Amino acid sequence: MSLRIVVCVKYVPDAAGDRHFADDLTVDREDADGLLSELDEYAVEQALQIADEADDAEITVLTVGPEDAKDALRKALSMGADKAVHVEDDDLHGTDALGTSLVLAKAIEKTGYDLVVCGMASTDGTMGVLPAMLAERLGVPQVTLLSEVSVEDGTVKGRRDGDAATERLEASLPAVVSVTDQSGEARYPSFKGIMAAKKKPVESLDLSDLDLDADEVGLGGAWSAVDAVTERPARTQGTIVKDEGEGGKQLAAYLAEQKFI
Amino acid sequence: MAEVLVYVDHVDGAVRKPTLELLTLARRIGEPVALALGSGAEATAATLGEHGAVRVLTADAPEFADYHVVPKVDALQAAYDSVSPAAVLLPSSGEAKEIAARLAVRIGSGLITDAVDLEAGDGGPVATQSVFAAAYTTKSRVSKGTPVITVKPNSAAVEASAAAGTVEPLTVSFGDTATGTKVVSREPRESTGRPELTEAAIVVSGGRGVNGAENFSLIEGLADSLGAAVGASRAAVDAGWYPHSNQVGQTGKSVSPQLYIASGISGAIQHRAGMQTSKTIVAINKDSEAPIFDLVDYGVVGDLFDVVPQLTEEVKARKG
C-alpha cells in the first residue's frame, strides 16, 4: 500500500526583507515579499527522501493561508511533491497557533495520512509548537526536532539532538515528525520540476469543507491576543577603532571600563 | 492568593537557572507551585523553596525517561487539574515548548512562547516578546482559558524568597498515547565545563572568519579567560567547524547575555536574530563594512588572529 505523506508548509514574509505589523497587529502579509518558509524546505526534502526509499509513496503538501500562499505550494511541488491542498478562507485571517493546528489537523484527516512531516518552526512566528499540537490533536506519536529521519516497515526512526542529550527515537506509523535545518540541504527545483509543478493538482478547501465554524478560528477566535507592538529602536553604533597593533589592548580597556573584567 | 504552576527543569535534582528565573516571575502573578518530574525530583525542593515555591509536586516513573514528551504532558495535566492555577509557566527549551503546546491543546487554553518578561495585568499575565529578529517588541496575553507561557532564559534576575517548598507526591496516570514514541537510546552531551550558552552572562562567538575548526581554540581561549560560553555562527557550524548545539541565530540558540563578543562574524539577519538583544555587543572583523558593526557598542576593525590573542592575554593580565 502506498505510503501517504503530508508535508505542512507555511508561506511567510521574507526574513531578509522588512517585516511589519498591520493595523490590527497581525503580521502584515500584503506589503511583504512572501515565500515558502526556508525551514519548511527541509521538511519537503526529507519527505522526498523518505518517498524515494518507499516502494510506493505519495506526497501531499498542505498549507493554510491567503491566495499568495499558493506560491509556497508551487515551490514544494516543483521540488517534487505530488499534489497540494490549500486551505483558504477570509475568516482565517488572524488565526493563532492553536487555531492553525485545528485547521491543519482537520485537513490532514480529510486528506488521509500515514506520516505528517513539518519543519522545526516557521521563520516568522518561530514558535515551533505546531508539530506537537498536531500530534496531540491527531492522537498519534510525535517524533520531533530530528536531524536524521527514516521510515522502515511502518516504523519511523530519528535522531534528536537536544540541549542536554542526543536521543534515538522511534514510533509506529501513523505519526507526526518535524525536522531541523541539520537534516540535510534541500534540493533546488529543476527546470523540469518547475514545468511539471504547473500541471500538478492543487485542491482548495474552505472552513465549511473541514466542518469548522468561523468563530473557532481567525483573530476573534484566537486563544491569545497581541495588545501592543513597538519597533525596537535601532542600536546606535558605538566606538569603532582600527587595529594598528593595539586593537586587542584597546578592546580590553573598554571591557575593563564597562566592568566586564 | 492564586497559585501559579511552574514546570521545573532539573538534572538529577540540580535545578537549572531558568527555572529560578521562572519562580521570580511567577511571584509577580501569584504563589508559585512547582512540578518536578523524574529522577531526583524530591531533591529539587530545597532550592525551589528558597526561591518562593510554596509547594513542590513530585512524580517519578520509568515512563518519563523511556518515552518522548507525552508522559510529562500527562503529569503536567495532572498537576494542572490538582492545582487549578492562574497560569502555567515553563522554560523555553525545545522539549518544554512541546509540553506546553500539548497542554494548551488539552485544556483549551491559549499559549505564548518565548516571553522575555512577564507582569501581572488586569486581564491576566502580560508577556513581552521580541519578534521578527528582535526588530519589534510585543505585549501579549492569553484570551481563552488558563495562560500557558514559556519564558526564555535570562529574562529576569533571580531573586531568593523563602517559602515552605513542601514536597507533595503527585499521582499521575498515563494515557494511551504516553508510550507512543520510544526513546531507544540517550547519549548525554559531554560537558565542556563552560557555562550553558543560553544562560551565560558573557558569550564569545566565532564565524566564517575563524576559518577552520582548529582555529576555534582561539575563541575558546578568549571565552575561558572571561568565564564565557562559546557560540558559533551558522556559517561556522555548516562548515563543520563547531557543533550545532553552539549555533547562535534564528535556527540555533537565541542569547541575551550582558556581553556578546562576535569574532569574524559578518552579522547576517540569521545571526542577528539570535543575539541582538544582548546588553553590550562587541565585534572584531577585518571588513569595516560588515553589518555587525551597525549593532556594536565597540568594534575593532582588524584581523581576529591578531586581535583575539592580544585581547585574551590582556584579559588574563588584568585579572591577574
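**A sheet across two chains**

Author: Strand 9 (residues 165-172) of chain A and strand 12 of chain B run antiparallel and are joined by 7 bridges. Strands are DSSP runs of E with at least two residues, helices are runs of H or I with at least four residues, and both are numbered from the N terminus. Two strands pair if DSSP finds at least two bridges between them. This is a predicted model, in which local features need pLDDT of at least 70 and side-chain atom pairs count only at pLDDT 80 or more, while totals for chains, interfaces and linings use all residues. Residues are numbered from 1 along each chain as its sequence is written, and chains are lettered from A and ligands numbered from 1 in the order in which they are written.

Reader: Which residue is the bridge partner of A:Thr166 in strand 12 of chain B?

Author: The partner is B:Glu187.

Reader: In what order do the strands of the open sheet lie?

Author: The order of its 10 strands is 11(A)-5(A)-4(A)-1(A)-6(A)-10(A)-7(A)-8(A)-9(A)-12(B), with mixed pairing. Strand 11 (202-205) of chain A and strand 12 of chain B stand at the edges with a single partner strand each, so one side of each has no neighbour in the sheet. From one strand to the next, the twist averages 30°. Such angles run from 0 to 180 degrees between N-to-C directions, with axes fitted as lines to C-alpha atoms, for helices over the stretch in contact.

Reader: How many bridges join strand 6 of chain A to strand 10 of chain A?

Author: These strands, residues 115-119 and residues 175-179, run parallel and are joined by 5 bridges. Within strand 10 of chain A, A:Ser178 is the bridge partner of A:Cys118.

Reader: Which elements give two or more residues to the side of chain B that touches chain A?

Author: A contact requires C-beta atoms, placed from the backbone, to lie within 7 Å. Chain B brings 73 residues and chain A 64 residues to this contact. Among the contributing elements of chain B are helix 5 (94-107), strand 12 (181-188) and helix 9 (304-319).

Reader: Where do the domains of chain B lie?

Author: An automatic or database domain assignment sets such bounds. For chain B it gives domain 1 (3-169) and domain 2 (202-319). Their centres, taken over C-alpha atoms, are separated by 32 Å. Domain 1 of chain B gives 5 residues to their contact, and domain 2 of chain B gives 9 residues.

Note on methods. Contact = placed C-beta atoms within 7 Å.
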